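Have the model open in your viewer and the sequence panel beside it. We will go from stop to stop, selecting as we go.

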Amino acid sequence: MTIMSQWRAALVVSSLVGLAVPAAAQDGRRVTVTGEISDTWCTISGLMFAKGTAHHQCAVWCALGGIPVSIRDAKGELYLILKIGDDEDNAANPRIARMATHEVAVDGELLERDGVKYLLVDRIADDKGVITMTHEEYGIQPFGN
């Protein structure tokens, strides 16, 4: 057996082992989460402070650009939205972008893996709209203006 054929045999065996032992499935639990719709990039980077109307336009651009969208609750916990209702995906979803910086309450299934909380949203129970906060009220003057 050549080195190349040994390598191929090892690859096939490791693939079969991988198929035989699927990743542990995670059962979700039903939850209601209340918080602000935010894009994860600005939340993690601190860019534009990622809160309220001071961040609204940036959040819309990020959501339509494919940045994952999350809900940040009052404690600062982030819940990455994987799906809303019957929508097929999260990335660049206009429905989610329209809710950028809205304060919402959603019902759905919570999945947790490796410290990340994921939400499969079944229904938007409440949408209070954009949080009333201007750059002046928040003390932010983007780009030094």
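Start by selecting residues 102-113, strand S4, and residues 116-130, strand S5: the two run antiparallel and are joined by 11 bridges. Strands here are DSSP runs of E at least two residues long, numbered from the N terminus, and two of them pair if DSSP finds at least two bridges between them. Within this pair, glutamate 109 stands opposite leucine 120 in S5.

A word on what you are looking at: this is a predicted model, in which local features need pLDDT of at least 70 and side-chain atom pairs count only at pLDDT 80 or more, while totals for chains, interfaces and linings use all residues. Residues are numbered from 1 along each chain as its sequence is written, and side-chain values use heavy atoms, with hydrogens and water left out.

Which order do the strands follow around the barrel? Five strands close it in the order S1-S2-S3-S5-S4, with mixed pairing. Neighbouring strands of this sheet are turned by 55° against each other on average, direction ignored (axes are lines fitted to C-alpha atoms; angles between N-to-C directions run from 0 to 180 degrees).

Next, show the salt bridges, each a side-chain nitrogen of Lys or Arg within 4 Å of a carboxyl oxygen of Asp or Glu. The whole structure has six. One of them joins glutamate 112 to arginine 29, with the closest N and O atoms 3.7 Å apart. This pair links S4 and S1 across 83 residues of chain. Arginine 29 is partly exposed at 48% relative accessible area (buried is under 20%, exposed over 50%, partly exposed in between, with a 1.4 Å probe and protein chains only).

Then select arginine 123 and aspartate 107, which meet in a salt bridge at 2.8 Å, N to O. Arginine 123 lies in S5 and aspartate 107 in S4, so the pair ties together parts 16 residues apart in sequence. Aspartate 107 is buried at 16%, whereas arginine 123 is partly exposed at 47%.

Last stop: the cysteines. With a disulfide taken as two cysteine sulfur atoms within 2.5 Å, the count is zero. The cysteine sulfur nearest to that of cysteine 58 belongs to cysteine 42, 3.4 Å away. Cysteine 58 is buried, at 14%.

Conventions. Helix = DSSP H or I, 4+ residues; strand = E, 2+ residues; numbered from the N terminus.
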